[in-house]
Number of protein chains: 4
Amino acid sequence: MTQGVEKSLIEQGVLVDPDSARGRLLTQAARLFRQKGYQSTTVRDLASAVGILSGSLFHHYKNKDAILKAVMVEGIHHTMARMRSELAEEHTTQGRLRALIACELDALNGDWGDAMAVVINEWRFLSDGGQQDILALREEYEQMWLEILLQARKERLITASPKVLRKLLYGAITWTDKWFDSTGELSYQELTDAILQLAIKPASDP
Amino acid sequence: MTQGVEKSLIEQGVLVDPDSARGRLLTQAARLFRQKGYQSTTVRDLASAVGILSGSLFHHYKNKDAILKAVMVEGIHHTMARMRSELAEEHTTQGRLRALIACELDALNGDWGDAMAVVINEWRFLSDGGQQDILALREEYEQMWLEILLQARKERLITASPKVLRKLLYGAITWTDKWFDSTGELSYQELTDAILQLAIKPASDP
Amino acid sequence: MTQGVEKSLIEQGVLVDPDSARGRLLTQAARLFRQKGYQSTTVRDLASAVGILSGSLFHHYKNKDAILKAVMVEGIHHTMARMRSELAEEHTTQGRLRALIACELDALNGDWGDAMAVVINEWRFLSDGGQQDILALREEYEQMWLEILLQARKERLITASPKVLRKLLYGAITWTDKWFDSTGELSYQELTDAILQLAIKPASDP
Amino acid sequence: MTQGVEKSLIEQGVLVDPDSARGRLLTQAARLFRQKGYQSTTVRDLASAVGILSGSLFHHYKNKDAILKAVMVEGIHHTMARMRSELAEEHTTQGRLRALIACELDALNGDWGDAMAVVINEWRFLSDGGQQDILALREEYEQMWLEILLQARKERLITASPKVLRKLLYGAITWTDKWFDSTGELSYQELTDAILQLAIKPASDP
DNA sequence: GATGAATGAGTTTTCATTCAT
DNA sequence: AATGAATGAAAACTCATTCAT
């Protein structure tokens, strides 16, 4: 179903077919922007990563900023799509909260991890206009978090203010990008649980 | 006492007298690097912020990278100095943990907040050599955290692995730089408590 | 008759049928070259003005220079054709001189005004080869002026050297392109008379 | 006296000392802009004409547009200065009108001829902001013409509307730049007289 | 210590033109 | 005839750094 939505978004021109020239460009751009940072990635780097000359980039995107923006849009869309489908399968609030955390962790490690890392780390290099355009998407994404945290508070799963908790969790989760190695000692499951434990009070011992 | 240590470090040439020309330069550099980012701050920006021409910067520091490094060294030293003195006044583990959190939050908001924010956000733009040189300092700093978290675990204040918990708290705390407004609804004290609550289990109700 | 000549020139391939694809291209090119200048008009501008993509232009013309040249050839041919037919109706030298002025003014305001303005203002951007090819046409055109000015001098209508006077009139007339607004206070007739008065001495009052 | 005014303007930063680095740059820029046109003159051309590298240009002027503007400002100021001093020596209206014509012709041939030719021919390539800034200067210049033409009409030296006549003369005079060769058959004096004859009615033969 | 002119390698971007489909 | 992706050379501009004064 998610696939279907994505396909439809591609047809609408919102998303880009990953096998097209533009798609390959965005994949490489996401990788390079994450690795070296937006400002340190030259358009020559981008072009040579997809095997064309730098001038040809501008056939696909108006300028470097438009490429950054496109990477971010892709990242957010795919992350949200995944999140929606994972949430649909969870029916307890704690399960849904855990799914949110797992998804956000995954967003940084999965196929679109590069793009999502770029959303987080290179945000300030996006032009004002670009930020404006994407902000609505980001807010929609945050809304999914807030709703579930609000529900969790009603159920006394959490005690902190949902807004504040979300911000703290966001920092904790996105920072994992800088240190977590999924092939290391700590498993992906354990990390998810550790973060979940930050948020929720343990079931009170009777 | 802290004052005394800092004075001694200035005399040793590790730190810089904030009233000297170099000191004013570092203060402005920290501010600009935080505000615009290292790469987007030109040496002309730096120079004009202290009222000289760009060529004259290089009488004070060998190159732009050296300025970044100096800003970071200042930031870490001052943060550590403060942390040491605050810890000295706390005698319970929970108190010491709270002091660590408060200090780290404060590090981003206080006098040396700009410099510390630069340490966090512009780290990857520091040359390899510069990173090497500062790493020891950062590790010393992290050691203070780990010792207290280790103690907290012994006392069953926390359940998570100290290393992992530190990383998660680090992410949560440093991210506050991007959203916390000390003049807003949420007070500085409340934020400190909220973060402390992430870390520790509440005292079990008898 | 003029129509017949033009039709014949189209059949010979000298001129272009204005309803053909090439014709529409030249019309738009003339408009854009006049409006934005040759160098500031991109082939993309040209292509999109006629609803094709830039690559397709080169099926019609070898290169951008060839388009400029074609615009100029059209402009000069149509202007000359009109001038010949107007002169044929005037039988006094003063009438013929006035017709020349009116025609040249009209050349900049009528249907082929864009093309003629391009001849005047973008001349230096035409390649050497292109200039060479068109120069004969321009000289033929100038010859029509010189003959009539020569006659006017014989009749003591004018006192100045025909060559010099022609140059001065040319400057005065072509410059009107930059300031004359045919919908403004000054009528087209009045302008024509004002220019005629530059050239000729008033009939001496007896 | 004119010298004194110019010196004072240099001190005010309005004009540029022709022996300074900036001054040499403007002289060369005026020459190249006239010769090849603004758009066809690259910053490399400009730089190599003054013996520096292209990047160094931007130490003196913010961008290419600023160089164009500076050339024009110089051109207009010097032309006006000369015109004022020449007018001061003429006391009949016809003499003053002749002086205006001579000055304008001279403006295109004398020391600042390149700059003035640039004002005329490259005007449309100046940015909107630049045009705005210079327009006041140009209007002041035109005012000098209009006043004298108005006086000439009162004295029945001319019959045409001053505004229209000025425009026609402007076209005729500036176009001389494209054909007049001061070393050719036609002398500079004769050309001035020929243009004056365009404007004024000959003294009526008794 | 400061100046300011210059460097030079680098950046993003533009654009006429080509060509396989 | 048209497309559209790509080319490649050249454009304007940036900026850390150097250095004679």
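This is a predicted model: local features need pLDDT of at least 70, side-chain atom pairs count only at pLDDT 80 or more; totals for chains, interfaces and linings use all residues.
Local features need pLDDT of at least 70 and side-chain atom pairs pLDDT 80 or more, while totals for chains, interfaces and linings use all residues, and side-chain values rest on heavy atoms, without hydrogens and water. Residues are numbered from 1 along each chain, and chains are lettered from A in the order in which they are written.

**Exercise 1.** Find which residues come nearest to DNA strand F, and what touches its phosphates.

*Solution.* 
- Start with the residues near the strand (a heavy atom within 4 Å of it). There are 27 around DNA strand F, and A:Ser56, A:His60, B:Val43, C:Leu53 and C:His59 come nearest.
- Next, look for N or O pairs within 3.5 Å, the polar contacts. The side chain of A:Ser56 has a polar atom 3.2 Å from a phosphate oxygen of DNA strand F, and a polar backbone atom of B:Val43 is 2.7 Å from a phosphate oxygen.

**Exercise 2.** On DNA strand E, work out which contacts go to a phosphate and which to a base.

*Solution.* 
- Begin with the phosphates. A polar backbone atom of A:Val43 lies 2.9 Å from a phosphate oxygen of DNA strand E, and a backbone N or O atom of D:Leu53 is likewise 2.9 Å from one.
- Now turn to the bases: a side-chain N or O atom of B:His59 sits 2.7 Å from a base nitrogen of DNA strand E.

Methods. A polar contact is a pair of N or O atoms within 3.5 Å; within protein, one must be able to donate a hydrogen and the other to accept it, and residues adjacent in sequence count only if both atoms are side-chain atoms.
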